[in-house]
Amino acid sequence: QVQFVESGGGLVQPGGSLRLSCAASRMSFSIYTMGWYRQAPGNQRDLVATITRGGSTNTADSVKGRFTISRDNAKNTLYLQMNSLKPEDTAVYYCNAHPPFTWGQGTQVTVSS
């Protein structure tokens, strides 16, 4: 079964930065479009950013210019660099293929002063 293990979340002040990582296993990582998703309390899970197997990226308007998605196919790892964080970025962040397989545990990001 495909497995995703997200890490790198935490508590950060507004304007701060975090880098999330996601280790994927039991899948041919390099051939899939991958994505970062997030879910705030009481909200649906939303797609934040995607990256194709060729490295083309797309980000949601709400994070455009602040978040950058990248991948290392040799390490089966997906990254999300998050800069200029805002309180509304507070959520549990998940990585997955796009469209998604089964979900991992996610990593909590809290932006608060």
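Colleague: Which residue is the bridge partner of valine 5 in β3?

Modeller: Alanine 23 is the partner of valine 5 there. For glutamate 6, the bridge partner in β3 is cysteine 22. This is a predicted model, where local features need pLDDT of at least 70, side-chain atom pairs count only at pLDDT 80 or more, and totals for chains, interfaces and linings use all residues. Residues are numbered from 1 along each chain as its sequence is written, and side-chain values use heavy atoms, with hydrogens and water left out.

Colleague: How many bridges join β1 to β3?

Modeller: Five, and the two strands run antiparallel. Strands here are DSSP runs of E, at least two residues, numbered from the N terminus, and two of them pair if DSSP finds at least two bridges between them.

Colleague: What is the strand order in the open sheet?

Modeller: The order is β1-β3-β8-β7, with antiparallel pairing. β1 (3–7) and β7 (67–72) are at the edges with a single partner strand each, so one side of each has no neighbour in the sheet.

Colleague: Which residues of β1 are on its covered face?

Modeller: Phe4 and Glu6, while Gln3, Val5 and Ser7 are on the uncovered one.

Colleague: New topic: is threonine 107 buried or exposed?

Modeller: Threonine 107 is buried, at 9% relative accessible area (buried is under 20%, exposed over 50%, partly exposed in between, with a 1.4 Å probe and protein chains only). Threonine 107 sits in strand β10 (residues 107–111).

Colleague: And what is threonine 107 in contact with?

Modeller: Leaving aside neighbours within four places in sequence, its contacts (heavy atoms within 4.5 Å) are Glu6, Ser7, Gly8, Gly9, Leu20, Ala91, Val92 and Tyr93. The threonine 107 side chain also reaches the backbone nitrogen of glycine 9 at 3.0 Å.

How values were computed
Helices (H or I, at least four residues) and strands (E, at least two) are DSSP runs, numbered from the N terminus. A polar contact is a pair of N or O atoms within 3.5 Å; within protein, one must be able to donate a hydrogen and the other to accept it, and residues adjacent in sequence count only if both atoms are side-chain atoms.
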